[in-house]
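Subject: Handover of a structure for your review

Dear colleague,

Please find the structure below, together with its sequence. My findings follow directly after it.

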Amino acid sequence: MICFAEPDPAVLARKREIVRALHALAPRVEIIADDVRLAAYETDALTAYRRRPLAVALPESTAQVAALLAFAHREGIKVVPRGAGTSLSGGAIPAADAIVVGLGKFNRILEVDLANRCVVAQSGVPNLALTHAVADRGFYYAPDPSSQIACTIGGNVAENSGGVHCLKYGLTTHNVLGAELVLPDGTLVRLGGKHLDSGHYDLLGLLTGSEGLLGILTEVTVRILRRPPSARALLIGFRSTESAGACVAAIIACGIVPAGMEMMDRPAIHAAEAFVHAGYPLEAQALLIVELDGPSAEVDALIERVHELARAHDASSCQASTSEAERLRFWAGRKAAFPAVGRLSPDYYCMDGTIPRRELPRVLGAIEALSERFGLKVANVFHAGDGNLHPLILYDANRPGELERAEAFGAEILKLCVDAGGVLTGEHGVGLEKRDLMSYQFSATDLEVQRRIKHAFDPGERFNPGKVFPLLHRCAEEGRVHVHSGAERFADLPRF
Amino acid sequence: MPQPRDEADLAEAIASARGALEPIGGGSKRGIGRPVRAEPLDLSALAGIVAYEPEELVLTARAATPLAEVAQLLGDHSQRLVFEPPDLGPLLGASAAPTLGGVLAANSSGSRRLSGGAARDHFLGFRAVSGRGERFQAGGRVVKNVTGYDLPKLLAGSWGTLAVLTEVTVRVHPAPEHERTLLVPAETAAAAVSLMSAALACACEVSCAAFVPASGVALRLEGFEVSVAARARALVEALGCAREHRWLLDADSREMWAVIGGAKALARHRIVWRVSVPPSAAPALIERLAPQDYLIDWGGGLVWLGASVLDAAVVRGALASGHATLVKAPEPVRASTAVFPPLPAGLAAVTARLKEAFDPRERLNPGRMS
């Protein structure tokens, strides 16, 4: 159970005065302060927790953001930045004594610069819109988090988002060239630009993945890549996760870097097949999807090579896509894995640890043992190329105590990842969700070093309070409400 | 001179230091930056590979492990550091051997930075001692990790001013089966950048693109033989190379890029600037500065300038965006010049607070990055 920090009663008592002052800001900013409209901002994709903020501000210019933050700085009021609200770790969940700054109006692509192979966009532009802006010229923006039709580029930078193709093309941090940032005291700074690397400390690198704790992004410059001429996928079934894992290691050992390499365990295979009928082998204990992209001569040759490796690793089945439709069909089940698992159970809880790949069979075995201990089923999907594991814990929030058990199970899985030489979170962020586990991975000194960095930007700890760092203050009553099947936000988005 | 034997020793040396220290791995880049008045801190004992698992694509080593040792080990397993750290020895006139920690602390990347990312992009985790004398760790030993702030990014390129790295973990990559480089003549910087831009806009996966005025535009292709052959044909076609062109294969190609990455052609110059710009801005910069010698890398994004005299105000005055670092100059020049790019007020304030967070007593390389 995650607890919220006790809100500052003095700030709560001043709500009317604060809202009045927000309305009076110059330049004028759209402010939401009525309960009905505030309800839309209570949570993100970690829907088990919610908090109604003091107010929501919807600026549309950098000058407005600067004015808002200068005001909050002067008045000592907390601020929670928000993009599309798709965080799975509660990164955008408000605090009762905070102003949410929503970047939804920062929705313009400012420049497509093909000569410098980059796009300049406001921070609220959805990830996929970047690719749409350059697709007709044969380019694309590589990081592809599963919520890419909704999640914003500003949110991607804040969370250092990944995606199934990050094995070959990198995470957000490898694809961002520049940013415009308003610091917690309202100062505007520019980091990077259309050039590479920083001439001084790499503040852009530090900002990427800082989970909204260091400021508010208003503009981002990303690099774009030429779309590879062809892509094909292999669908490989195995009799055991050990042989699937060994095959992954063999693919990497022979120098192949697939565009994507995804594994699913038996429960995930069955759930996906029942949902989308992708033709997955139901007898397999583990399924591997390997995608190769590049010039067709290369792709065809490597498909053959991976096929041979699959045979050498005792694959029970192996199909190579021969058309774009078939490639997409192979992916359909994987991309629908989360909603497919959602059909098996009223609720599920998605975990996100990373482990060294070789530890996979052992960690899966331990998760199975935990599943029995907690009396909750689990299905596993795995970014096999980079060791990022997404166990989906099935539970029913209507049964008393089951959410708590699911959370306890999840925490055990993440500790298992750390014990195996891995980390708490590979791509979803620490947020509210994994905050209290940070001291499992880091020593008190490690965390103190990180907290000092926070203070260099935000000495008052007003920005995105209660996230990432273990809570030092007294807890308020737990802030959870039950969200039941069908009530999941963005339930129609594929998640993987 | 303190010579710590291990991390605990180092922490003690920093905590008990009465004055400033200059952390030195191999010492190959000591000539870069503002001259520091500090006692040398010899880290050479913190060397050796800690863990290397080729199948996990990660390597952990103590910070002062010689880069050559790392390269040798990776090469034995057909792997490499994809950011291709350059050997700046010939340029700087330094004979000391670079270390892995030094490469990361300087965020030193070669020509493949264009397509494969910089040193900072492959720096996964570390152990270090801060200027406060605290031992801490950050990042991890896995590629995909968003747990806490990305401190490897902050430490990469901090030139030993925040903390002293003791152990580092980097991502490694498979070495390509084959490589070749296309050489095409170009008369001017503008023609060269436009040619490189065309090459990078086609789907040939050009991994490096540079212009060496004496030899022309160089475009590098790497990968499986069958793929490189197909891309080589497509590249020549896409560029309409009716003009004369020639290919350098494997060892010749590698040798050429080692020379370009280390800017060896500029070694005879007294003053050398390294300038990062938007690629399309490179020709105008060169035209305006008219340096005695120059070299363009990263498809236009990196300009090396060589001259006997080239003032900071002139170089930085010609920059609309990007940044310029004075990589090579006699000590008196470096003492009176902002070697690293001066920062606008807002960024300077954050930077000073970060320095204070790690090193409030100014023990580590004070002033080196000014």
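In helix 9 of chain A, the buried residues are Thr241(A), Ser243(A), Ala244(A), Gly245(A), Ala246(A), Cys247(A), Val248(A), Ala249(A), Ile251(A) and Ile252(A). Please note that the model is a predicted one. Because ten of the 13 residues of helix 9 of chain A are buried, this helix is largely enclosed by the rest of the structure. The partners of these buried residues within chain A are strand 12 (230–238), strand 13 (260–265), strand 14 (286–294), helix 11 and helix 14 (360–374). From its first C-alpha to its last, helix 9 of chain A reaches 18 Å, close to the 18 Å expected at 1.5 Å a residue. Just after this helix, Gly255(A) adopts a positive phi of about 90°.

Two residues of helix 9 of chain A that are buried, Ala244(A) and Cys247(A), are also touched by Leu288(A). Leaving aside residues up to four places away in sequence, Leu288(A) touches Ile236(A), Phe238(A), Val248(A), Met263(A) and Ala384(A) as well. Leu288(A) is listed with Ile393(A) and Val303(B) as the residues with the most contacts inside the largest nonpolar core, which has 275 residues. In soluble globular proteins, nonpolar side chains tend to be buried together.

Turning to chain A as a whole, its secondary structure comprises 17 helices and 19 strands. The radius of gyration of chain A is 23 Å, close to the 23 Å that the globule rule gives for 496 residues, so chain A is as compact as a globular protein of that length. Along the principal axes, the C-alpha atoms of chain A fill a box of roughly 70 × 60 × 40 Å. Buried residues make up 59% of the 496 in chain A. Of the contacts in chain A between residues at least 6 apart in sequence, 75% join residues at least 24 apart.

Finally, the interface: 73 residues of chain A are in contact with 69 residues of chain B. On the chain A side, at least two residues each come from strand 9 (188–192), helix 8 (203–207), helix 9 (241–253), helix 11 (296–312), helix 16 (438–441) and helix 17 (444–457). Helix 17 of chain A supplies the largest share of that side, nine residues. By residue class, the side of chain A that touches chain B divides into 30 nonpolar, 30 polar and 13 charged.

With kind regards

Methods. Residues numbered from 1 in each chain as written. Chains lettered and ligands numbered in written order. Predicted model: local features only at pLDDT ≥ 70, side-chain atom pairs only at ≥ 80, totals over all residues. Contact = placed C-beta atoms within 7 Å. Helix = DSSP H or I, 4+ residues; strand = E, 2+ residues; numbered from the N terminus. Nonpolar A, V, L, I, M, F, W, Y, C, P; charged D, E, K, R; others polar. Rg over C-alpha atoms; globule rule 2.2 N^0.38 Å. Buried ≥ 20, exposed ≤ 12 C-beta atoms within 10 Å, placed from the backbone. Expected span 1.5 Å × (residues − 1). Core = buried A, V, L, I, M, F, W, Y, C linked by C-beta atoms within 7 Å.
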